[in-house]
Amino acid sequence: MTATDSPPDAGSLDATALAARVEEFLAAHDPSTTEPGEFLRARFAAGLAWVHYPAGLGGLGAENGLQAAVDAAFAAAGSPENRPRLNVIGLGMAAPTILRFGDDAQKERWLPSLWTGEDIWCQLFSEPGAGSDLAGVGTSAVRDGDAWVLNGQKVWTSMAHHARWGILLARTDPEAVKHRGLSYFVVDMTAPGVEVRGLRQITGEAEFNEVFLTDVRIPDDQRLGEVGQGWAVAQYTLMNERVAIGGGTLPRESGAVGSLAARWREHPEAHTPGLHDRMLRLWVETEAARLTAERLGQQQAAGQPGPEGSGVKITYARLNQECSSLELELRGEDGLRYADYTERRPEVEDYASRDAGWRYLRFRANSIEGGTSEILRNVIAERVLGLPAEARADKDLPWKDLPR
Amino acid sequence: MSAAVPGGTPTTGDLLYSDIEDDLRASVRALVDKQAPWDAVLARTDTDQPVDTDLWKRLTQEIGVAGLPVPEERGGAGASWREVAVVAEELGRAVAPVPFLGTAIATALLSGTGEDELLAAVAAGERTAALAVGATRGAGRPVPVTVERQGAGDLLQGTVTAVIDAVTADVLLVPVSEGLAIVEADGDGVTRTTAESLDMTRRLTDVTVDGAPARIVTGPGVDGAVDRALRIGAAILASEQLGLAERCLADTVAYLRERHQFGRQLASYQALKHRLADLWVAITQARATARYSARCAADDSPDLPIAAAVAAAHCSEVALLAAEEGLQLHGGIGFTWEHPAHLFLKRARADALLLGSADHHRSVLADLCALPS
């Protein structure tokens, strides 16, 4: 069987059949005695990693919607985790892109260690000169025999200091119009010429990175998609990013409003009519956003993928910002203090466990990372409402001739 | 003091539209588009027939909209509040001058008080009933009683102002101290005065009873039934607001695509595109809250009080935003009587006060969610 073939009974695997397979697997691999890495590799091999992936690549060709129950059953049995928070870019963005655009050898090479969390992935897209206008990236990739030689600088690269692999967008043809001169690569982050530097942010921490690429050689078999097709591949990756950031089911009062509401309940002495009204408005808006995200999930599960994801992301960014800002106001004098501006690498952890000042500052990035709220409004206006696209000065010029 | 929301996170349930709901929507839209296009709705506002009784007859007889939430064994169609909500979306989209919202509230009330004969007549569209409480009264707070029995008899005395959907009602359901009085609207001692109303498509009625004969329904459940009826009314009104907001957005998008200034389509200006995108986002949220509250009403969920209050607070503001943005973005033409923008603005402004303002519903939520003032 090749990696992309479905098993013979792919379509007939329902929730009951999957539950039986999980049970069978757990009987053969006791999570309390099996070494975690071995357990995860075996789970991948059994097709119970991401059940909607093809057989041989960690899945069983089952329906996407059945994954949640499989994950819940593994979690209930105390199974080891595959570092989902640290590898959010690998699992959420790199993997679907490899599955969609990779050849068999690439899928078999990268997907197993990606899913088990043995290899962390990062995304090398944004550059100092190409943020919202991502198709303007200037990092060059020049063909040299069976390899490409990369030079340039990437920025806002989360996880680069943990990553073994990176997905990267580079310019292979500066003579072409900008969208058509791009190609998409997988970079070995340990290769000579790759330098990762922490980028200090307004919180004081260096959560993101700058990545400098100096004469980095990438074998041509680490290219995803055709030469010049990089923009289409990158768009596929970004589509998955917006889903990863915006969608999903959340408990009532989770996230920023949860911290705010808890503070409200614990400190009646700080209540004023004005703060009360603002808090209740945010509570209602957060509940509306939660239901909207859940409805989006239902649409996707029913095979009606909607463009609502962009709207959900805009809304969560705003609510995080407004709730954390109001929480500082509610804290009064305490809201003036800040835990620690020392430059350091943060652990990946729950935002709710951080101090209110840090959350207020960190949430400013929510409306910038993963598509600014302004770009997302353009997306909604143009793709959902069918309004005319923004005037373009860069449509017919070769990339090398664009003003910058 | 606990720092968590009481009740945790209830199961959300299905927030999408079923095929049956899509079919129902199509039937209502086809009838309303033909029978009550906006220019006919506007023309009616200048007459002394503010309610489109012919449209109401066809909605109840041909589609059976009044019987949707009533079980078949009680004379209804055996559907649910989810389907009622879909009809409300369509009627809001058309600002149709029919007593659908008032009928929904009366139906919820009659269902909870065992008035099966009247319930069946209302469900069949043979009679219409209206709950005689002030239009701005909302669930979660006591409704003041302004009508009492004269002595120990069954004659009523008092006044209720600003009642909705009472213009053409056959029966008035009037809260009194002992319970609920059922009064023939055309009977002796009843005076109904139709008021000039901000929303010309849903006019208010001031009701005075002076020696009007009534049948009094008593029992421990009557107060709760009025509260529940107002709550279901708020849940259904949220869907009306959703339909209205979607109509305003669609009309405004169409206009901005057609209108040119400075040699460009208005729709090509980013300042306007972003406002419409924000409105679209708000409407997706309104839809989620309205669907959830209808789902909770349909299943008699214990989360209905929170669901309805969230939907009412949120959809009131979204519909108002949509109507106000719609009028502004239509520019000068939107301020004229001959353009429908004002019909939506007036309905949206009035709806945001109906069955409790957004502020009322937020204050109810403060109690329900342990977020005290």
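**Domains, helices and the chain contact in a predicted model**

Reader: Which residues of chain A does UniProt give to the feature "domain: Acyl-CoA dehydrogenase/oxidase N-terminal"?
Author: This is a predicted model. The placement comes from UniProt, in an unreviewed entry.

Reader: How is chain B divided by the domain assignment?
Author: Domain 1 covers 19–127. Domain 2 covers 147–219. The remaining assigned range, 224–368, is domain 3.

Reader: Which helix gives the largest share of the side of domain 1 of chain B that touches domain 3 of chain B?
Author: The C-alpha centres of these two domains lie 20 Å apart. In the contact, 22 residues of domain 1 of chain B meet 27 residues of domain 3 of chain B. On the domain 1 side, helix H2 (38–44), helix H4 (81–93) and H5 of chain B each supply at least two residues. The largest share, ten residues, comes from H4(B).

Reader: And by class, what is on that side of domain 1 of chain B?
Author: Charged residues number four, and polar residues also number four. The nonpolar residues number 14.

Reader: Are H5(B) and H6(B) roughly parallel or antiparallel?
Author: H5 spans residues 100–111 of chain B, and H6 spans residues 116–123. Their axes come within 9 Å and cross at roughly 155°. Angles over 145 degrees count as roughly antiparallel. Therefore H5(B) and H6(B) are roughly antiparallel.

Reader: Is the crossing of H5(B) and H6(B) left-handed or right-handed?
Author: The handedness describes how H5(B) passes H6(B). That crossing is left-handed.

Reader: Which residues of H6(B) meet H5(B)?
Author: From H5(B) come B:Thr103, B:Ala106, B:Thr107, B:Leu110 and B:Ser111. By class, the contact has six nonpolar, three polar and no charged residues. The H6(B) partners are B:Leu118, B:Leu119, B:Val122 and B:Ala123.

Reader: Which helix gives the most to the side of chain B that touches chain A?
Author: The contact takes 37 residues from chain B and 39 residues from chain A. Helix H8 (270–298), helix H9 (304–329) and helix H11 (358–368) of chain B each supply at least two residues of the chain B side. With 14 residues, the helix that gives the most is H8(B).

Reader: How many residues on the side of chain B that touches chain A are charged?
Author: The nonpolar residues there number 20. Another twelve are polar. The charged residues number five.

Conventions: Residues are numbered from 1 along each chain as its sequence is written. Chains are lettered from A and ligands numbered from 1 in the order in which they are written. This is a predicted model: local features need pLDDT of at least 70, side-chain atom pairs count only at pLDDT 80 or more; totals for chains, interfaces and linings use all residues. Axes are lines fitted to C-alpha atoms, for helices over the stretch in contact, and angles run from 0 to 180 degrees between N-to-C directions. Helices (H or I, at least four residues) and strands (E, at least two) are DSSP runs, numbered from the N terminus. Angles under 35 degrees count as roughly parallel, over 145 as roughly antiparallel, 65 to 115 as roughly perpendicular and the rest as oblique. A crossing is left-handed if the near helix is turned anticlockwise from the far one by less than a right angle, and right-handed if clockwise. Two residues are in contact if their C-beta atoms, placed from the backbone, lie within 7 Å. Ala, Val, Leu, Ile, Met, Phe, Trp, Tyr, Cys and Pro count as nonpolar, Asp, Glu, Lys and Arg as charged, and the others, Gly among them, as polar. UniProt positions are given in the numbering used here, feature names are shortened, and annotations may be inferred rather than shown by experiment. Domain bounds come from an automatic or database domain assignment.
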